[in-house]
Structure formats: structure tokens, C-alpha cells
Amino acid sequence: MSRVRADEEEYWHSSKFRAFTFDDEDDELSQLKESKRAVNSLRDIVDDDDDDLERVSWSGEPVGSISWSIKETASGSTSSLDGRDSSLQKGTSSYAALPKQPSSYSLSSLFKGEVRFLCATHLCLSLSALTDTGVKNYAPELRRPKAEYKDYSSDWSPKDTVRRMQRGKVCSLERFRSLQDKLVLLDEAVAGHDGNVITAVLIFLKRTLRREILFRELEVRQVALCHLIHFLRETGEQKFLLDLLRFLDRTEEVALSQYREHLNIQDVEKRREFLKGCIGLPFSAEDTSHIQDHYTLLERQIIIEANDRHLEMAGQSELFRKYPRKASILNMPLVTTLFYSCFYHYTEAEGMFSSPTNLKKTFKIPDKQYVLTALAARAKLRAWGDVDALLTTKNWLGYTKKKAPIGFHRVVEILQRNNAPVQVLQEYVRLVEDVETRLNLATKYKCHDVVIETYRDLKDRVQLTAYKSKVERGSAEEEKIQSILGNMVRNVYS
């Protein structure tokens with residue numbers, strides 16, 4: 001029995017762990033030293049720089065994205081303990097993937113009681129104040145690099161903060177409280193040429209500065225000002241944007257921003273009244289003309305829509321019965337309104353609001369645009385007589401000729417898309433001045449007479465002979481080619 005007791009005494013005196021005694025004045029100090037050595041050995045295991053590890057915010061978004069930056073900036077200040085706890089939880093998943101190093105201590109032994117002096121003295125390990133949360137919340141904190149503690153000690157300068165934001169690191173802007181610090185932070189963000197960082201800093205300044213102070217400082221920082229104006233337009237903060245533009249004395253931009261509001265007005269009568277009020281806004285002379293035309297066009301469309309809806313419902317118009325309207329004319333562009341008028345109201349007198357000529361005169365539509373639109377509308381109705389009249393002009397001597405401001409090659413293409421007969425196509429293919437273009441169009445759309453006549457005028461027997469094989473045997477075109485070739489032979493020997 002005395003031998004067993006002697007062995008136990010030898011074990012306790014030879015081990016580096018000493019038994020706990022209440023009367024040992026140096027026991028607590030020695031345990032503290034042992035605790036620090038244990039913590040340092042653990043930190044050696046995991047003291048790798050984790051800057052490259054992926055970190056995720058509470059919302060699940062990768063840290064550094066623009067959506068995270070905005071949410072982080074707008075979230076307000078939080079306690080250092082909460083920030084520390086969240087970082088602990090985010091680091092837990094990557095902790096297990098780190099390579100293990102040989103050590104006499106482990107996390108399991110540390111928290112399961114093998115190092116008993118931790119439980120006995122209730123030491124805080126100088127890492128964070130212990131709370132009622134589980135012990136696994138504290139384990140990842142032991143592996144955090146020393147550089148990370150600066151995030152929570154507010155040691156980052158504006159330049160360092162911007163650099164970390166560019167790298168997607170966790171940064172709280174709430175530490176910048178003075179106006180000077182905030183302006184230095186904004187200047188550093190602009191110097192970094194990162195739009196996401198500039199926007200995040202501007203959101204922070206917008207939330208923490210008075211408007212007049214923010215506007216005054218942005219007036220001398222044009223890059224940041226442009227970023228803020230674009231951000232306000234994208235997010236639809238119209239009132240803040242108008243206040244900013246008024247402060248900058250940009251009256252035309254204020255007027256245009258107010259004019260843009262008509263897009264949000266669905267009721268057509270209210271939109272008309274809104275546009276009428278916009279005419280008096282401080283636009284440039286050219287823009288004022290456009291606003292006036294917009295108001296006049298909408299006013300015309302309201303009148304045309306009411307009359308045509310009545311005719312369509314009453315069934316009094318054969319054209320509306322044969323070609324029912326597919327959509328309302330309200331809020332349509334000017335070219336669409338002109339096509340509509342050329343389709344349903346082509347023959348109306350100029351005094352009628354729905355007359356195409358009235359629209360052309362009122363809105364000063366160029367001849368090319370008018371002919372192109374009217375030609376497409378009348379060709380869709382297969383009104384070839386109207387097409388001929390549209391392209392026929394009379395000079396002061398009374399002579400008539402065909403004239404196309406858009407070019408006869410485009411006339412041919414529009415007619416062909418609307419399935420015009422070959423006789424109609426040939427008439428306008430002949431009027432194409434460029435010989436090569438005329439031959440290409442005639443060959444493409446099988447206008448045989450035009451091809452034969454062009455080769456005849458060129459006196460090209462080789463091409464005529466080759467083209468003879470492309471027409472039907474015994475057809476009128478073949479006989480025409482034979483006759484031309486025969487005349488060419490007779491002319492040679494005559």
C-alpha cells in the first residue's frame with residue numbers, strides 16, 4: 001500500500017501538470033502560463049493567413065459583391081461581440097479543411113477536460129468575453145490571424161479600407177465619423193477606379209450626411225457625382241435626384257427628369273394634361289419643340305381612337321370589317337400613327353385630323369419617311385393603283401414621271417415582300433438606274449422581260465444565249481430571246 005502511494009507522489013511531482021491546491025499562491029499564475037502556452041500551440045497549428053479563404057455574409061452572398069457592399073453599408077453599426085461571433089461561425093466550415101500539424105494539444109482535449117486547469121480557473125484566454133453560447137463558438141477564434149483583429153479594432157485607414165473593399169473583405173464604414181474622414185474615404189474610392197466601391201461609399205455618405213453638405217462636396221467631385229446621379233436614376237429615387245439637380249442648377253436635366261414621369265401615368269387623359277404642363281418647363285428650344293409635338297400627337301390619337309372605335313363597333317366601315325384593328329393607336333410613335341392613317345384613312349381630306357397629309361404637314365414629316373410609310377401601308381392592302389399614284393409626279397409642263405425619294409430598288413423590295421404580281425414588279429425594276437442592281441433584282445424576282453431587255457440594250461449575245469436555258473421552252477420569253485439573237489446576227493452581216 002505504501003508502495004502505491006509512493007508511486008503516485010512520484011508521478012505528480014515528475015509531471016509538468018500539478019495537482020490543484022487551494023493553499024498554493026503561485027498555482028493560478030502557473031495555470032495562466034500553461035493556458036497561454038496551450039493557446040499559442042493551438043494557434044501555431046492554424047495560424048495560416050486566411051485571406052484567400054472564401055467568406056460569406058449572413059445573407060449567403062459572397063463578401064465583396066456590390067449587393068453585399070450596399071447591405072453592409074446600410075446595416076448600421078453593430079457591437080464588436082456580434083461581429084466577432086459572426087466571423088467565428090463563418091470560419092468554422094473552413095477550419096476542418098486546414099492541414100493538421102503535430103502538437104501535444106488538441107481542441108478536443110482542450111475542451112473535454114484533459115487540460116483541467118482551464119475549467120478550474122475559468123480563464124477568458126484574452127480572446128473574447130465568455131458568454132452562455134456553446135464552446136464550439138470559441139474554437140475557431142483561436143485560429144484567426146492577428147491581422148484580422150484590426151477589423152474590429154478600427155485601425156484601418158481610408159486607403160486600407162478601400163483596398164480591402166476592392167478585395168471583397170469585411171469592412172465597416174461606421175468608424176468614419178468626421179466629415180474629413182468621410183471625404184478622404186470617398187477620394188480614395190474614386191482614386192481606386194472601382195465603381196462598386198464608389199457606389200458603396202456614396203450610399204454610406206448619402207445616409208450619414210445632410211443633403212446640402214453632400215451636394216456641396218460632390219459638386220467639386222464630378223466622378224463621384226456622375227456615379228450618384230446614375231445610381232439615383234437606376235433606383236428610381238426621383239425626389240432626391242431632383243433636389244440634387246436643382247442644387248447644381250441643371251435646369252434642363254430637372255425638366256427632362258420631370259418629363260420622364262409621364263411614362264408612369266397610365267390614364268391617357270391624365271398623361272395628356274401632364275404633357276401640357278411640361279411644355280412650360282425650362283427645356284432647350286429643340287426639346288421644347290419635341291414636347292409640343294408629343295402633346296399634339298397624343299391629342300390627335302385620342303380623337304382618332306374615339307372615332308375609329310365607334311366606326312368599328314357600329315360596323316359602318318368595310319375596311320374595319322375586313323381588316324380589324326389589332327391594337328389601340330394611343331401612345332404609339334409618330335411613324336406608327338402615320339402608317340395607321342395611311343392604312344385606314346388614306347383617302348381622307350387634309351382637313352381631317354386622321355388624314356395622312358394632315359399628319360405630314362403638322363409634324364413636318366420628310367418626304368422619304370412619308371413615301372416609305374405610305375408605300376408599305378398601301379402595298380399591304382394590295383392597292384397597286386395607290387402605289388402608282390404615290391410614285392407619280394407631274395412637272396409644271398404637265399408631263400408625268402415616276403419618282404421615288406427612297407430609290408426604286410427599295411420600292412421593288414417592299415412590293416415583293418407584299419407579294420406584288422410580276423407585272424407590277426417589272427414596271428419598277430425597269431426604273432432602277434444602276435444596270436448591275438437592275439439585273440440582280442430582275443434575276444432574283446424572275447422578271448424575265450427586264451433581264452432580256454437589259455442584255456439586248458447591252459448587246460450581250462453570250463449572256464442572252466446563257467439566259468435562254470433558264471426560261472421555259474416554248475414560252476414567250478424564249479421566243480423573244482430568239483428574235484433578239486436573230487436581229488443581232490442580221491445586223492452584223494448587213
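**Figure 1. Arg456 and its salt bridge with Asp457 in the predicted model**. Arg456 has a relative accessible area of 37% and is therefore partly exposed. Its side chain meets that of Asp457 in a salt bridge, with an N to O distance of 3.4 Å. Asp457 counts as exposed, because its relative accessibility is 54%.

**Figure 2. Buried Arg438 in helix H24**. Helix H24 spans residues 435-444 and contains Arg438. Arg438 is buried but forms no salt bridge. For Arg438, the nearest side chain of opposite charge is that of Asp457, 5.3 Å away, whereas a salt bridge requires a side-chain nitrogen within 4 Å of a carboxyl oxygen. With neighbours within four places in sequence left aside, Arg438 is in contact with Val429, Arg430, Val432, Glu433, Val450 and Thr454.

**Figure 3. Packing of helices H22 and H23**. Helix H22 covers residues 408-417 and helix H23 residues 422-429. The two pack at an angle of about 170°, and their axes lie 9 Å apart. H22 is therefore roughly antiparallel to H23, the cut-off for that description being an angle over 145 degrees. On the H22 side the contact is made by Phe408, Val411, Val412, Leu415 and Gln416. H23 contributes Val424, Leu425, Tyr428 and Val429. Val429 is also one of the residues in contact with Arg438.

**Figure 4. The salt bridge between Asp243 and Arg211**. The side chains of Asp243 and Arg211 meet at 2.5 Å, N to O. The pair links distant parts of the chain, 32 residues apart: Asp243 belongs to helix H13 (residues 238-247) and Arg211 to helix H11 (residues 211-218). Asp243 counts as partly exposed because its relative accessibility is 22%. Arg211, with a relative accessible area of 34%, is likewise partly exposed.

**Figure 5. The salt bridge between Arg210 and Glu212**. In this pair the N to O distance is 2.3 Å. Arg210 has 55% relative accessibility and so counts as exposed. Glu212, at 35%, counts as partly exposed.

**Figure 6. A salt-bridge network of four residues, Asp187, Arg216, Glu217 and Arg221**. Salt bridges link these residues in a network. The count for the model comes to 25 salt bridges.

**Figure 7. The protein as the setting for the close-up views.** The secondary structure comes to 27 helices and 2 strands. Of the 494 residues, 38% are buried. The accessible surface comes to about 29,900 Å², and carbon and sulfur atoms account for 52% of it. Among contacts between residues at least 6 apart in sequence, 54% join residues at least 24 apart.

How values were computed:
Residues numbered from 1 in each chain as written. Predicted model: local features only at pLDDT ≥ 70, side-chain atom pairs only at ≥ 80, totals over all residues. Heavy atoms only, no water. Helix = DSSP H or I, 4+ residues; strand = E, 2+ residues; numbered from the N terminus. Buried < 20%, exposed > 50% of the residue type's maximum accessible area, 1.4 Å probe, protein only. Lys, Arg positive; Asp, Glu negative; His and termini not counted. Contact = heavy atoms within 4.5 Å. Areas by Shrake-Rupley, 256 points an atom, 1.4 Å probe, with all protein chains shown as cover. Axes fitted to C-alpha atoms, helices over the stretch in contact; angles between N-to-C directions. Parallel < 35°, antiparallel > 145°, perpendicular 65-115°, else oblique.
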